[in-house]
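Me: I am new to this structure and would like to learn how to read it one feature at a time. Could you give me the general idea for each feature and then show me the case here?

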Amino acid sequence: QVSLVESGGGLVQPGGSLSLSCATSRGTFSNYVMGWFRQAPGKEREFVATVSWKGDRTYYADFAKGRSTISRDNAKNTVDLQMDSMTPEDTAVYYCAARFAFRGVGTTAEEYEFWGQGTQVTVSS
């Protein structure tokens, strides 16, 4: 019903910043709560941040709080993630995800119905 494609991944130096974008299509973007998740090898997929359908409410994981910003542009059908002060512990595949807005915001992977293919982010010097 909706497709999601992440971009912006790659190599980031320790202390540097991450800027990701997720483009959507084949759906009514404002119908969805949007979220970002990440998954490192051998670890479970973990919540990073989410933004309400209107963009007026945001929630962050503890490790992301204070150094991250999630935002959406309902005119462009995109959701972005900015994360500062990156460390090697932030190395993971980052995923964009969508959840029907009537269900409210979600902070676990199982609450999201639609997923992008993921983009690799490697933090290394």
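Predicted model: local features only at pLDDT ≥ 70, side-chain atom pairs only at ≥ 80, totals over all residues.

Me: Are the two partners, Arg 38 and Glu 46, buried or exposed, or something in between?

Reply: A residue counts as buried when its relative accessible area is under 20%. Arg 38 is buried because its relative accessibility is 6%, whereas Glu 46, at 26%, counts as partly exposed.

Me: Which other residue forms a salt bridge with Arg 38?

Reply: Arg 38 also forms a salt bridge with Asp 90, where the closest N and O atoms are 2.8 Å apart. This pair links distant parts of the chain, since Arg 38 belongs to strand S4 and Asp 90 to the loop between S8 and S9, 52 residues apart. Asp 90 is itself buried, with a relative accessible area of 2%.

Me: With which side chain does Asp 90 meet in a further salt bridge?

Reply: The side chain of Asp 90 meets that of Arg 67 in a salt bridge, at 2.9 Å from N to O. Asp 90 lies in the loop between S8 and S9 and Arg 67 in the loop between S6 and S7, so the pair ties together parts that are 23 residues apart in sequence. Taken together, salt bridges that share partners join Arg 38, Glu 46, Arg 67 and Asp 90 into one network, and the count for the structure comes to 6 salt bridges.

Me: What else does the side chain of Arg 67 reach?

Reply: The side chain of Arg 67 reaches the backbone oxygen of Phe 63 at 2.8 Å. Arg 67 counts as buried because its relative accessible area is 17%, and, leaving out residues up to four places away in sequence, Arg 67 touches Gln 82, Met 83, Asp 84, Ser 85, Met 86 and Asp 90.

Me: How should I read a charged residue that is buried yet has no salt bridge?

Reply: Arg 99, in strand S9 (residues 92–100), is buried without a salt bridge, and the nearest side chain of opposite charge, Glu 111, is 4.1 Å away. A salt bridge needs the nitrogen and oxygen within 4 Å. The side chain of Arg 99 does reach the backbone oxygen of Arg 103, at 2.9 Å.

Me: Where in the chain does a residue other than glycine have a positive phi?

Reply: Ser 85 is one of these cases, with phi near 55°; Ser 85 lies in the loop between S8 and S9 and counts as partly exposed because its relative accessibility is 44%. Arg 26 also has a positive phi, of about 60°, although it is not a glycine. Arg 26 is found in the loop between strand S3 (18–25) and strand S4 (32–39), and at 58% relative accessibility Arg 26 counts as exposed.

Me: How many cavities of 30 Å³ or more does the structure hold?

Reply: Rolling a probe the size of a water molecule over the atoms shows where empty space is left. The structure holds 1 cavity of 30 Å³ or more, and the largest cavity has about 40 Å³ of space.

Definitions and conventions. Residues numbered from 1 in each chain as written. Heavy atoms only, no water. Helix = DSSP H or I, 4+ residues; strand = E, 2+ residues; numbered from the N terminus. Buried < 20%, exposed > 50% of the residue type's maximum accessible area, 1.4 Å probe, protein only. Lys, Arg positive; Asp, Glu negative; His and termini not counted. Polar contact = N/O pair within 3.5 Å; in protein donor to acceptor, adjacent residues only side chain to side chain. 1 Å grid on protein atoms, 1.4 Å probe; cavity = no way out; pocket = protein on both sides within 12 Å on 5 of 7 lines; lining within 4 Å. Points joined across faces, edges and corners; volume = space filled by probe spheres on them. Contact = heavy atoms within 4.5 Å.
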